[in-house]
Amino acid sequence: MITKELQTKIDRSIRLLQSVQKGYNGEIEVAYSGGKDSDVILQLAKEAGIRYRAIYKNTTIDPPGTIAHVKRMGVEIRRPKRSFFQIIAQKGIPNRFTRFCCSELKEYKILDKCIIGVRKEESAKRNTLYNEPTACHWYGKKTEENHVEHIYPILDWTSEDVLAFIMDRKIQLAPIYYGSGGQINIQKRLGCMGCPLASNHQRLAFFKERPRMVKCYIRAAQHFLDEHPHTKTAKRYDNAYEYFARDLFYPLEKDWQMANNSLFRKPNWKDFLENVFGIDLTI
């Protein structure tokens, strides 16, 4: 149900998009991820009557059903030069401090203005960082060619607002949002599978559901170790099993040191991972 308060937010969002278009003859990018918030901003762009170009940046590791949903919504798909696992093979396993995968797969400029479905409610960090409905952003060096104006039309929307809007407009979401009975779980978040920004508990649960992804990680990581033997990473880990186990299970150095320096011999990390995930990880 669209309440009076939500209608006020919808009207404000549409006026914002129209004001950005006013006096600007170019197309405005709709940063479409396939998630519920991007479905909302796409619908708002349509209702605002602006000149937009909805673009999905394929990360190659988005959840199953995402690409089909993107195509169903008529969104343009931009494919990367290298897949996620090709990036690991060249640069190693990304973590929350070195998310080089994002810069190659998601965070790059296409158009001068870009609508993004950021909401302050999503996290304390976003609530602190995002205070205005528009902001200047640079991809790389602060030059004109790298500058993009970001627009946040649903910055102050709550999850309840998003659900009510989706239900009212009868928007079909990506499969990840639906339970076995067809009910919508608005708290679900669509993101890269195994994303290092997720908690260790969330990542472990994901890899247990999709253990073949573990093998993909290990194969790519071993390629990196083999091809870059003089890096600090290659000198630190005997193999990719050890490398992956450290990344997933031991974020703290002291815990990693304790795991490798017990009274017994150094763990066989391949056996350890095979026991955890119940799959043959021979590469």
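Which exposed residues does the face of H12 turned away from its buried side carry? They are Lys-254 and Met-258. Exposed means over 50% relative accessible area, buried under 20%, and partly exposed in between (1.4 Å probe, protein chains only). Helices are DSSP runs of H or I with at least four residues, numbered from the N terminus.

This is a predicted model, where local features need pLDDT of at least 70, side-chain atom pairs count only at pLDDT 80 or more, and totals for chains, interfaces and linings use all residues. Residues are numbered from 1 along each chain as its sequence is written, and side-chain values use heavy atoms, with hydrogens and water left out.

Now the buried side. Helix H12 spans residues 253-260, and its buried residues are Trp-256, Ala-259 and Asn-260. They cover an arc of only 90° around the axis, which puts them on the same side of H12. The arc is taken from the directions from the helix axis to the C-beta atoms. Their cover includes helices H10 (232-236), H11 (240-249) and H13 (269-277).

Take Asn-260. Its relative accessible area is 14%, so Asn-260 is buried. Beyond its neighbours within four places in sequence, Asn-260 contacts (heavy atoms within 4.5 Å) Glu-242, Lys-266, Pro-267 and Trp-269.

Next, the nonpolar cores. Such a core is a set of buried Ala, Val, Leu, Ile, Met, Phe, Trp, Tyr and Cys residues joined through side-chain atoms within 4.5 Å. The largest has 38 residues, and Phe-207, Tyr-217 and Phe-244 have the most contacts inside it. H12 is one of the helices that each supply at least two residues of this core. H9 gives the most, with eight residues. Apart from this core lies another of 34 residues, including Ile-10 and Tyr-177.
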